[in-house]
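Here is a guided walk through a protein fold, written to be read with the model open beside you. Turn the view as you go and follow each part in its place.

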Amino acid sequence: MTTPLSDLEMQLVALKQEAQQAIATTTTLEDLEQLRIKYLGKKGSLSQVLGGMGRLDASERPRIGASANEVKEIIQAELDQKKATLQSAQIEAKLISEALDVTMPGVFYPQGRAHPLTSTIERALDVFVGLGYTVAEGPEMETDYYNFEALNTPADHPARDMQDTFYLSDGNLLRTHTSSVQIRYMENNEPPIRVAAPGRVYRRDTVDATHSAVFHQIEILAVDEGLTFTDLRGTIKIFLEAMFGDLPIRFRPSFFPFTEPSAEVDVQWRGRWLEVLGCGMVDPNVLKSVGYDPEIYTGFAAGFGVERFAMVLHQMDDIRRLYNSDLRFLRQF
Ligand code: DAH
């Protein structure tokens, strides 16, 4: 009976030593948990050794049981201690990796700002939105119909020469003005209408200080029962006042195929009359082209170049400055 007894005791001693060594060399909490399961788990080494207790003499059991408990407590204690050590090492490492040096100089992020064309568009749209207008947009590649035909400018109309057009090989064109949005909007909406349509337009112009082949316009359109030239005049006056301040303005008779009568508007700016926009009462033919009855509805429209406004407002000498992305220039606005 001595053999199984010392066997078990030796097994317990060996188990304890093996466990102690394994715990001592563990470096992660996950591995440590694996060791706990391996040695103290339900199916762990200690349970297996204790399985042999059944073969012991009843008188031996308390002693072996006691030393098994002792081994268990020792292993458990070492596990606990190692766990605490690993946990604090983990916290330590985290603190070091997340350390913040509050004395380090910061990173400089230059502050961005809106491009003068963008801010001019936004300012103008703000005025019209304040007057109850909705912002609308249309495509830059257009058909002849929307850019000319529906705007009362048939193929043989001499007014087509006013706007040298970029034609595409598929028969489409790059819109020469935002007036095309008038037609698109009216086709999809019923009066009363109040829209402002900003966007890029294209013309075969030679680039110089005041011309660019690509520039921006904002189009205004109002259609309702009983609108008159007085409404147009009042709207334009309020708009120009908001942009330039309370300056003298004048309406000069002009011609556009899509308005009748038509006018150009000048602002007296620093002692000179500056032409700033075209406008007029929507031609009945334009209303007819979208299926509105010109006996019931009248409308007014206006269009102006954004670059022109930006240049006047900021006293710019050359339109090309607006496209060069030269930060020394753009930072001024
Ligand atoms: N589309 C014209 C142009 O590009 C500007 C214009 C004039 C627009 C009169 C209008 C208008 O809506 O009524 O020169």
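Which residue stands opposite glycine 303 in S9? Glutamate 219 does. Keep in mind throughout that this is a predicted model.

## The sheet

On one side, S5 and S9 run antiparallel and are joined by eight bridges. S9 also pairs with strand S8 (residues 272-282), again in the antiparallel sense, over four bridges. Two partners can be picked out by name: methionine 281 has phenylalanine 300 as its bridge partner in S9, and glycine 278 has glycine 303. Six of the eight residues of S9 are buried, so the strand is largely enclosed by the rest of the structure.

## Helices on the sheet

How far apart are the end C-alpha atoms of H5? They are 21 Å apart, which agrees with the 21 Å that its 15 residues should span. The buried residues of H5 are Pro116, Leu117, Thr120, Ile121, Ala124, Leu125, Val127 and Phe128. These residues cover an arc of only 165° around the axis, which puts them on the same side of H5. Asp126 and Gly130 are exposed, on the face of H5 turned away from its buried side. Just after the helix comes glycine 132, with a positive phi of about 95°.

Helix H10 (residues 306-314) has seven of its nine residues buried, so it is largely enclosed by the rest of the structure. Those buried in H10 are Val306, Glu307, Phe309, Ala310, Met311, Val312 and Leu313. What do they pack against? Their partners are H5, S5, H8, S7, S8 and S9.

Helix H4 (residues 61-97) has 37 residues, which should span 54 Å. Its end C-alpha atoms are 53 Å apart, in agreement with that value. The buried residues in H4 include Ile64, Val71, Ile75, Leu79 and Leu86, and also Lys82.

Glutamate 264 lies in strand S7. Is glutamate 264 buried or exposed? With a relative accessible area of 16%, glutamate 264 is buried, because buried means under 20%. Its side chain is joined to that of serine 254 by a polar contact of 3.2 Å. Beyond its neighbours within four places in sequence, glutamate 264 is in contact with Arg250, Phe251, Arg252, Ser254, Phe256, Glu275, Leu277 and Gly278.

Threonine 153 sits in the loop between helix H6 (144-147) and strand S3 (173-174). Threonine 153 is buried too, with a relative accessible area of 4%. Its side chain reaches the backbone oxygen of leucine 151 at 2.9 Å. Leaving aside neighbours within four places in sequence, threonine 153 is in contact with Phe148, Ala159, Arg160, Pro257 and Phe258.

## Backbone details to check

Where are the cis peptide bonds to look at? One joins proline 191 and proline 192, with omega about 0°; proline 192 is in the loop between helix H7 (179-188) and S4. Another runs from glutamate 260 to proline 261, with omega near -5°, and proline 261 has its place in strand S7.

Positive phi values are worth a look as well. Arginine 270 has phi near 50°, although it is a residue other than glycine. Arginine 270 lies in the loop between S7 and S8 and is exposed, with a relative accessible area of 58%. Glutamine 315, which follows H10, has a positive phi near 55°. Glutamine 315 is found in the loop between H10 and helix H11 (327-330), and is exposed at a relative accessible area of 56%.

Terms used. Residues are numbered from 1 along each chain as its sequence is written. This is a predicted model: local features need pLDDT of at least 70, side-chain atom pairs count only at pLDDT 80 or more; totals for chains, interfaces and linings use all residues. Side-chain values use heavy atoms; hydrogens and water are left out. Helices (H or I, at least four residues) and strands (E, at least two) are DSSP runs, numbered from the N terminus. Buried means under 20% relative accessible area, exposed over 50%, partly exposed in between (1.4 Å probe, protein chains only). A polar contact is a pair of N or O atoms within 3.5 Å; within protein, one must be able to donate a hydrogen and the other to accept it, and residues adjacent in sequence count only if both atoms are side-chain atoms. Contact means heavy atoms within 4.5 Å. The expected span of a helix is 1.5 Å times one less than its number of residues. The arc is that of the directions from the helix axis to the C-beta atoms. Two strands pair if DSSP finds at least two bridges between them.
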